[in-house]
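Open the model in your viewer and keep the selection panel at hand. The tour below goes from one selection to the next and says what is there.

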Amino acid sequence: MKQRIAHIALVVKEYDEAIEFYTKKLDFELIEDTKLTEEKRWVMVAPNGAKECCLLLSKATNGQQTASIGNQSGGRVFLFLFTDDFWRDYNKMVDKEIKFIRPPEQMDYGMVAVFVDLYGNMWDLLEPNEKNKGVLD
């Protein structure tokens, strides 16, 4: 049996500002943007070359969802962006004024730094090494 996580829903304020951030600042690909109703769209973005999982940008529609924007993981790192070249991507992100809240650090599992997206969700930028158990073939 094979299973995989296909999409991770990320609650956003507005579709277009989220698309702009992820495609222009993080260089993600816009996979799909389909209008479902006057208020709802099916919007998926993913890092270039990603094949297993993408973000489903979901516009907040009520107070509880709005309150969760930027804090979907209760103040912990929420998402992990793996890279094959940490310094290339780190420097590119700094140039695009991505805010890093923890500086680059070599850890047992790889080179890592923590940044925030446009809403304040925390992400790890991580170049895993051979000790990283999170790398799946």
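## Start with the rings

Select F21, Y22, F28, F86, W87, Y90, F100, F115 and W123: ring pairs link these residues into a cluster. Rings of Phe, Tyr and Trp (for Trp, the six-membered ring) pair if their centres lie within 6.5 Å; planes under 30 degrees apart count as stacked, over 60 as edge-to-face and the rest as tilted.

Before going on, note that this is a predicted model, in which local features need pLDDT of at least 70, side-chain atom pairs count only at pLDDT 80 or more, and totals for chains, interfaces and linings use all residues. Residues are numbered from 1 along each chain as its sequence is written, and side-chain values use heavy atoms, with hydrogens and water left out.

A search of the whole structure finds 10 aromatic pairs. Zoom in on F21 and Y22, whose ring centres are 5.0 Å apart with planes at 90 degrees, so this pair is edge-to-face. F21 is buried at a relative accessible area of 8%, and Y22 is buried at 0%. (Buried means under 20% relative accessible area, exposed over 50%, and partly exposed in between, with a 1.4 Å probe and protein chains only.)

Next, select F86 and W87. Their ring centres lie 5.0 Å apart and their planes stand at 85 degrees, so the pair is edge-to-face. Is F86 buried or exposed? F86 counts as buried, at 0% relative accessibility, while W87 is partly exposed, with a relative accessible area of 42%.

## Helix α1

Now select residues 15–25, which form helix α1. Helices (H or I, at least four residues) and strands (E, at least two) are DSSP runs, numbered from the N terminus. In α1, the buried residues are Y15, A18, I19, F21, Y22 and T23. What do the buried residues of α1 pack against? They pack against β1 (7–12), β2 (29–35), β3 (41–46), β4 (54–59), β7 (110–116) and β8 (122–128); contact here means heavy atoms within 4.5 Å.

Step just past α1 to D27, which takes a positive phi of about 60 degrees.

## The sheet under the selection tool

Colour β1, β4, β3 and β2 in that order: they make an open sheet of four strands with mixed pairing. Its edge strands are β1 and β2, each pairing on one side only. On average, neighbouring strands of this sheet are turned by 25 degrees against each other, direction ignored. Axes are lines fitted to C-alpha atoms, for helices over the stretch in contact, and angles run from 0 to 180 degrees between N-to-C directions. Bring α1 back into view: this helix lies across β1, β2, β3 and β4, running at about 155 degrees to β4.

Two strands pair if DSSP finds at least two bridges between them. β1 and β4 run parallel and are joined by six bridges. Along them, A9 stands opposite L56 in β4, and L10 stands opposite L57. β3 and β4 run antiparallel, joined by three bridges; V45 has L55 in β4 as its bridge partner.

## Last stop: R41

Select R41, in strand β3. Its side chain makes a polar contact of 3.0 Å with that of D16 and another of 2.7 Å with that of D33. (A polar contact is a pair of N or O atoms within 3.5 Å; within protein, one must be able to donate a hydrogen and the other to accept it, and residues adjacent in sequence count only if both atoms are side-chain atoms.) Leaving aside neighbours within four places in sequence, R41 is in contact with Y15, D16, I19, D33, T34, K35, L36 and L57.
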